[in-house]
Amino acid sequence: MTTSRRKFIQRSSLLAASTLLPLGCSDHSDRPATGERTAIVIGSGFAGSVAALRLGQAGISTIVLERGQQWSVTGPDTFPTTTNFDRRGTWSIPSSGSSNAGQSGYAGLLETIPGKNVAAVCGACLGGGSLVYGGVLIQPAQKEFEQVFPYLSFQDMDNIYYRRVLATLGAAPIPDDVLASPNYAAHRTFIEDTSALGYEVRRPHTGFDWDIIRQEITGEVPAAASIGEYAFGCNSNAKLSTDKNYLHDAVATGNVAIRSLTEVELIRERTPSGYTVVCRRISAEGEVLEEYELVTDYLFMAAGSMNTTRLLLKSQHAGELRGANDRVGSGWGTNGDLLLAQLHPDVSTGAQGGPACIAATDTSNPAHTVTFMHSPVSIAPLQLQMSMAVPDRTGQLLYNSETDATVIDWESDAGTPSILAQQASFERIVGSNGGAAAPFIEGQIWHPLGGAVMNDACDTLGQLYGYRNLFVVDGSLLPGSAAGVNPALTVAANAERIMEAIVDGLVRETV
Ligand SMILES: Cc1cc2nc3c(=O)[nH]c(=O)nc-3n(C[C@H](O)[C@H](O)[C@H](O)COP(=O)(O)OP(=O)(O)OC[C@H]3O[C@@H](n4cnc5c(N)ncnc54)[C@H](O)[C@@H]3O)c2cc1C
């Protein structure tokens with residue numbers, strides 16, 4: 001892989017560049033031996049982590065470019081918390097083409113992209129959404145899976161890829177002893193309420209180390225997840241984010257280098273093959289330290305639904321991606337999410353332990369299965385549930401070249417059958433426990449999906465129609481829905497499926 005144009009904005013950054021590769025890996029930026037093919041992965045969230053590991057294991061020289069910082073727990077104040085939320089929580093670095101480009105900001109953990117009727121929220125750090133997510137790793141039911149992904153084999157996903165992700169992350173359901181401990185009373189209340197209604201109650205896998213949570217409960221390590229502080233990173237180090245497993249293992253192959261605080265700005269198609277990736281290296285405060293281009297044979301888009309789609313649309317708009325594909329941006333959606341809250345008479349003061357680890361599914365409406373994930377928040381007597389169903393329709397992502405921003409075109413879905421079904425299921429819970437529904441919390445979408453959808457903008461192996469060796473592997477592939485449940489497990493398992501199917505072919509191209 002070669003650096004074809006390097007423009008050092010600060011001479012001193014050259015030294016810093018040599019220390020950029022975390023996790024003990026070496027820099028693979030020089031083009032390897034003649035004939036050897038190279039890969040770039042843009043983004044290091046769930047899908048980018050999977051792609052990096054499988055490319056590295058296949059012996060393909062790979063660079064992962066991640067705009068955000070690497071975060072490592074150094075003490076109980078490493079990450080912001082709900083009661084101590086500061087600039088560490090927010091990605092506020094202006095993009096290079098916006099009117100406030102060059103102004104300082106901070107490479108915080110979460111980016112919020114405002115849009116019509118909704119605002120999408122996504123991770124912005126090494127490990128992406130795996131650092132800021134609620135830990136839910138839930139598998140969709142076969143019926144909803146086949147409704148949303150009629151072109152994929154549920155049996156293969158069930159038997160192979162979901163299991164592979166859970167094993168690699170080290171995920172497990174909440175153990176009995178933790179669920180029985182005092183801080184998990186709100187979970188137990190939720191189980192009682194929904195079981196009494198005949199909802200199917202499950203303990204899905206979670207991406208947390210339950211032994212560390214046990215140590216929190218006994219006071220051996222500072223409390224974090226067990227007192228509801230599990231989003232925005234987890235200060236007890238209990239969260240099994242992909243920097244600790246997939247990315248760590250990828251670097252250990254010796255074939256993968258990671259460049260954090262490196263934002264991709266544009267993708268350019270090369271003749272006769274391959275891609276140029278235009279990037280900028282930034283400081284945590286947003287100062288541009290270096291701009292350069294990398295050339296690669298295989299390009300993997302894993303910047304998440306909002307940013308993979310943005311990069312593709314922006315590069316198309318700039319005339320740098322010239323293949324015909326007018327489907328990019330279509331099929332975007334909110335996963336059918338609804339955040340619902342109630343004041344519960346039996347939820348008393350005190351911490352609500354996390355992460356989110358109990359699901360209850362109402363199958364009584366044949367048209368719309370509704371799944372609730374109990375989402376602990378330590379504000380008694382509040383009970384918060386993330387509710388999901390397969391949505392009725394999708395919207396679109398567009399690119400505004402004047403502001404260099406993604407535009408979310410989303411009609412309000414209040415009143416659609418799937419939203420009404422969720423509200424009806426929720427009202428049954430509230431009605432049965434004698435509580436009071438709090439006003440709906442609308443608009444914040446934690447599960448944006450779509451924009452480069454399989455079997456539409458891409459083939460079912462993620463290759464973008466019109467472009468050879470440009471693979472989308474992330475949440476952009478899902479058509480606005482993860483089949484009625486939280487998406488991270490399906491995003492990662494789908495990336496595993498794609499990598500298994502293509503990687504041998506990529507290796508053979510090197511011969
Ligand atoms: C607050 C919150 C809670 C959530 N909780 C859950 C949960 O409990 N369970 C669940 O299933 N899902 C949850 N999600 C959703 C889940 O995090 C996402 O669905 C998942 O992370 C998507 O994976 P991905 O690989 O598509 O993208 P991401 O994980 O978002 O990764 C994309 C990566 O690309 C990087 N990137 C973006 N643009 C660029 C660029 N131009 N150059 C370089 N790098 C770039 C980003 O910084 C990021 O690291 C939650 C999301 C949020 C925001």
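Helices (H or I, at least four residues) and strands (E, at least two) are taken here as DSSP runs, numbered from the N terminus. The structure is a predicted model, in which local features need pLDDT of at least 70, side-chain atom pairs count only at pLDDT 80 or more, and totals for chains, interfaces and linings use all residues. Residues are numbered from 1 along each chain as its sequence is written.

The axes of helix 5 (residues 154–169) and helix 12 (residues 488–508) come within 8 Å and cross at roughly 105°, with axes fitted to C-alpha atoms over the stretch in contact and angles running from 0 to 180 degrees between N-to-C directions. Helix 5 is therefore roughly perpendicular to helix 12 (65 to 115 degrees). On the helix 5 side, the contact (C-beta atoms, placed from the backbone, within 7 Å) involves Asp156, Met157, Tyr161, Tyr162, Arg164 and Val165, and helix 12 contributes Leu489, Ala492, Ala493, Glu496 and Arg497.

Of the 41 residues around the ligand (C-beta atom, placed from the backbone, within 6 Å), Gly43, Gly45, Gly128, Gly129 and Gly134 come nearest.

Elsewhere, strand 11 (residues 275–282) pairs with strand 12 (residues 288–296) in the antiparallel sense over 8 bridges, where pairing requires at least two bridges found by DSSP. Arginine 280 faces glutamate 291 of strand 12. The two strands form a hairpin with 5 residues between them, and glycine 286 in the turn has a positive phi of about 95°.

Conventions:
Parallel < 35°, antiparallel > 145°, perpendicular 65-115°, else oblique. Contact = placed C-beta atoms within 7 Å.
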